[in-house]
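Okay, everyone, can you all see the screen?

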Amino acid sequence: ATILVINGPNLNMLGRREPEIYGTETLSDVIEGLLELADEYNVRLFDFQSNAEHEIVERIHQAMDDGTNYIIINPAAFTHTSVAIRDALATINVPFIEVHLSNIHKREAFRSHSYFSDLADGVIAGLGTKGYQLAFEAAIDKLED
Ligand code: DQA
């Protein structure tokens, strides 16, 4: 099986970006951890980060034909703005879990609405980088069903 991990804008700055909110681990640390898990579970892991909405839309389209069975996505700021990325996920019809490092429900009001949550298999927020591992494990369970 193949799991695609997508991270949206500013997550390339993880570790240096508002560490009091997002922690000190970098995105490479997170992806390395997931690659180890992928090895353990014998699945293929694709990793994609972009700050550009259209690149994320196009990467999601590719997932229709590249063997991706499951997506873990942190759309970052696009969570609250992007009908286009939402529609891309609906287009390819690959199941996904939405992840946020911070608890978006305990921050500014504009962060509490997500264009993704009603399409997602599940949503994890507020558990920091651990959320990606938990999403990975849940994805494995779903793929085994
Ligand atoms: C985020 C939360 C979003 O509101 C914010 O714009 C991000 C990161 C999170 O992981 O907590 O960039 O998705």
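Let's start with His80, which touches Phe110, Arg111, His113 and Ser114, leaving out residues up to four places away in sequence. By contact I mean that two C-beta atoms, placed from the backbone, lie within 7 Å. Before I go on, two bits of housekeeping. This is a predicted model, so local features need pLDDT of at least 70 and side-chain atom pairs count only at pLDDT 80 or more, while totals for chains, interfaces and linings use all residues. Residues are numbered from 1 along each chain as its sequence is written.

Back to His80. His80 sits in the loop between S3 and H4. Helices here are DSSP runs of H or I with at least four residues, strands are runs of E with at least two, and both are numbered from the N terminus.

Is His80 buried, exposed or partly exposed? It counts as partly exposed, because it has 16 C-beta neighbours inside 10 Å. The cut-offs go like this: 20 or more other C-beta atoms within 10 Å of its own makes a residue buried, 12 or fewer makes it exposed, and in between is partly exposed, with C-beta atoms placed from the backbone.

Ala76 is in that loop too, between strand S3 (70–74) and helix H4 (83–92). Ala76 is buried, since 21 other C-beta atoms lie within 10 Å. It also has a positive phi of about 55°, although it is not a glycine.

Now look at Asn42, in the loop between helix H2 (27–41) and strand S2 (44–49). Its phi is positive as well, near 60°, and Asn42 isn't glycine either. Asn42 is exposed, because there are 8 other C-beta atoms within 10 Å.

On to the ligand. Which residues are around the ligand? They are Asn10, Asn74, Ala76, Ala77, Thr79, His100, Leu101, Ser102, Ile104 and Arg111. To be near, a residue needs its C-beta atom, placed from the backbone, within 6 Å.

Finally, zoom out. The protein has five helices and five strands, in the order β-α-α-β-α-β-α-β-β-α along the sequence. Of the 145 residues, 34% count as buried. And of the contacts with a separation of 6 or more, 75% come from residues 24 or more positions apart.
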